[in-house]
Amino acid sequence: MTKANLVDHIYEKVGLSKKEAMEMVELLFETIKDTLSQGESIKLSGFGTFSVRSKGSRRGRNPKTGVEIEIEPRRVVTFKPSVQFKSAVETGSDT
Amino acid sequence: MTRSELVSVLAERLNGYTKRDTEKIVKAILDGIKEALARGEKVEIRGFGNFRLRTRRERKARNPKTGTTVEVPVKRVPFFKVGKELKEMVDGKTPTPSESDSSPT
């Protein structure tokens, strides 16, 4: 499923034009992105939490050459699915 | 930011939508993602990330109360892989592109 399929899904579920549905999908993900880049997490009840974690610097190694390098401290996004999301997905018939 | 705060921000940015309408749309989007994963599909949002399933192997576990061994069956869990653009935005390596205008008040 891509963004376009998601737009179709909303178009069918809610009474919006395709253009409006597209705008809404874009705006939703842009807002989440902007919020996360400010270091703030997003808690979407029933879905999950996106949060920003800071990782300290550590020594790493280039697996190809074996050269040791310093990995700089960085910030990463993590997603923790809610209980509802997990249970919706848990027991798939096709695995 | 919580779900209702997100709904308020979206309703404000897109004029003409009530919070109630906006919540309906947000629900449709999030449910759409959930349902796709429940069907075993993958969801790809370019610039944001991908949602897909990861399979946890079956394993043996113990009931801590009774000490009996139980079989925990194969389990599927939602997994989110951060997209390149979002990853770079959060790490501050590139200037945030959608930051210049529209200040959320």
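User: Is B:Arg3 buried or exposed?
Analyst: This is a predicted model: local features need pLDDT of at least 70 and side-chain atom pairs count only at pLDDT 80 or more, while totals for chains, interfaces and linings use all residues; side-chain values use heavy atoms, with hydrogens and water left out. Residues are numbered from 1 along each chain as its sequence is written, and chains are lettered from A and ligands numbered from 1 in the order in which they are written. Buried stands for under 20% relative accessible area, exposed for over 50% and partly exposed for what lies in between (1.4 Å probe, protein chains only). With a relative accessible area of 15%, B:Arg3 is buried.

User: How many residues apart in sequence are the parts that B:Glu23 and B:Arg3 tie together?
Analyst: B:Glu23 and B:Arg3 form a salt bridge, with their closest N and O atoms 3.0 Å apart; the term requires a side-chain nitrogen of Lys or Arg within 4 Å of a carboxyl oxygen of Asp or Glu. B:Glu23 lies in helix H2 of chain B and B:Arg3 in helix H1 of chain B, so the parts that the pair ties together are apart in sequence by 20 residues.

User: Which residues are joined into one network by salt bridges that share partners?
Analyst: B:Glu23, at a relative accessible area of 27%, is partly exposed. The network formed through shared partners is in chain A and consists of A:Arg59, A:Arg61, A:Glu68 and A:Glu70.

User: What is the distance between the closest N and O atoms of A:Glu68 and A:Arg59?
Analyst: A:Glu68 is partly exposed, at 43% relative accessible area, whereas A:Arg59 counts as exposed at 55%. A:Glu68 and A:Arg59 form a salt bridge in which the closest N and O atoms are apart by 2.9 Å.

User: About how many turns of the helix separate A:Lys19 and A:Glu23?
Analyst: A:Lys19 is exposed, with 62% relative accessible area, and A:Glu23 is partly exposed, with 35%. A salt bridge links A:Lys19 and A:Glu23, its closest N and O atoms lying 3.9 Å apart. An α-helix has 3.6 residues a turn, so residues three or four places apart point the same way. Both A:Lys19 and A:Glu23 lie in helix H2 of chain A, four residues apart, which is about one turn.

User: In what order do the elements of chain B run from the N terminus?
Analyst: Helices (H or I, at least four residues) and strands (E, at least two) are DSSP runs, numbered from the N terminus. Chain B has three helices and five strands. From the N terminus on, the order is α-α-β-β-β-β-β-α.

User: What covers the buried residues of H1(B)?
Analyst: The buried residues of H1(B) are B:Arg3, B:Leu6, B:Val7, B:Val9, B:Leu10 and B:Ala11. Their cover draws on both chains, and includes H2 of chain B together with, from chain A, helix H2 (18–37) and strand S1 (42–44).

User: Which residues of chain B lose the most area to chain A?
Analyst: In chain B, 50 residues are in contact (heavy atoms within 4.5 Å) with 50 residues of chain A. Buried area is the accessible area (1.4 Å probe) that two parts lose on being put together, summed over both; for chain B and chain A this is about 4,700 Å², 70% of it on carbon and sulfur atoms. Together making up 15% of what the chain B side buries, the residues that lose the most are B:Met1, B:Arg76 and B:Val90.

User: Which residues form the salt bridge across the interface of chain B and chain A?
Analyst: The rule finds one salt bridge across this interface. At a distance of 3.2 Å between the closest N and O atoms, the partners are A:Lys33 and B:Glu85.

User: Which residues have the most contacts inside the largest nonpolar core?
Analyst: A nonpolar core is a set of buried Ala, Val, Leu, Ile, Met, Phe, Trp, Tyr and Cys residues joined through side-chain atoms within 4.5 Å. The largest has 46 residues. Leaving out residues up to four places away in sequence, A:Phe50 touches residues of both chains, including A:Leu36, A:Phe79, B:Phe48 and B:Phe80. The residues with the most contacts inside the core are A:Ile10, A:Phe50 and B:Phe51.

User: Which residues does B:Lys81 touch, not counting those up to four places away in sequence?
Analyst: B:Lys81 is found in strand S5 of chain B and counts as partly exposed at 47% relative accessibility. With residues up to four places away in sequence left out, B:Lys81 touches B:Gly49, B:Asn50 and B:Arg52.
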